[in-house]
Amino acid sequence: MTEDSHFQQLLKTAAAQVQPHRLLFVFAGAELPDHPTPTQREDFLAGRGGALSALMCVDKAAGELSDFESLARESRDAGPPWQVVFAAALSGRDGSPPAKTEIDAALKTMVEAVRVGGVGRYAAFGPSGDPLHFH
């Protein structure tokens, strides 16, 4: 991972904001969709396709992470293997970070977006930190 990686840019941008930010992360894994077609089943078993399912989520202060590897390492220690992590930033107000209720609501919104496939507005990274693009 280079110093100018997309993840490093996310960390730097969040840390540089006037208002304190929390970074929100939802880790997701692929699973076979309900009532799959034979083609969907074959693709999934070959390691392609599937439906994303949120596995765990966490929020971090903008300066709390130094790089992607520290987030990946912590996630491996905390939960199941994942294929993609979605990231977003949540701004505080009046010099204070966002309230816990705001963070929880934003994470719930992200988890629901993963469930329904509406993840295009979030940054997405694979397990090695490479950016992913969803359409």
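**Close-up views of a predicted model**

View 1. His21 belongs to strand β1, which covers residues 21–31. A polar atom of the His21 side chain lies 2.8 Å from the backbone oxygen of Gln19. When neighbours within four places in sequence are left aside, the residues in contact with His21 are Ala14, Lys60, Ala61, Ala62, Ala89, Leu90 and Ser91.

**View 2. The salt bridge between Lys60 and Glu64.** Lys60, which is among the contacts of His21, forms a salt bridge with Glu64, and the closest N and O atoms of this pair are 3.8 Å apart. Lys60 counts as buried because its relative accessibility is 8%, under the 20% limit, whereas Glu64, at 47%, counts as partly exposed.

**View 3. Salt bridges of Glu69 with Arg73 and with Arg76.** Glu69 and Arg73 both lie in helix α3 (residues 68–78), where they are four residues apart, or about one turn of the helix. Their side chains meet in a salt bridge with an N to O distance of 3.7 Å. Both residues are partly exposed, Glu69 with a relative accessibility of 36% and Arg73 with a relative accessible area of 42%. Glu69 also forms a salt bridge with Arg76, in which the closest N and O atoms are 2.7 Å apart.

**View 4. A network of salt bridges joining Lys60, Glu64 and Glu74.**

Conventions:
Residues are numbered from 1 along each chain as its sequence is written. This is a predicted model: local features need pLDDT of at least 70, side-chain atom pairs count only at pLDDT 80 or more; totals for chains, interfaces and linings use all residues. Side-chain values use heavy atoms; hydrogens and water are left out. Helices (H or I, at least four residues) and strands (E, at least two) are DSSP runs, numbered from the N terminus. A polar contact is a pair of N or O atoms within 3.5 Å; within protein, one must be able to donate a hydrogen and the other to accept it, and residues adjacent in sequence count only if both atoms are side-chain atoms. Contact means heavy atoms within 4.5 Å. A salt bridge is a side-chain nitrogen of Lys or Arg within 4 Å of a carboxyl oxygen of Asp or Glu. Buried means under 20% relative accessible area, exposed over 50%, partly exposed in between (1.4 Å probe, protein chains only).
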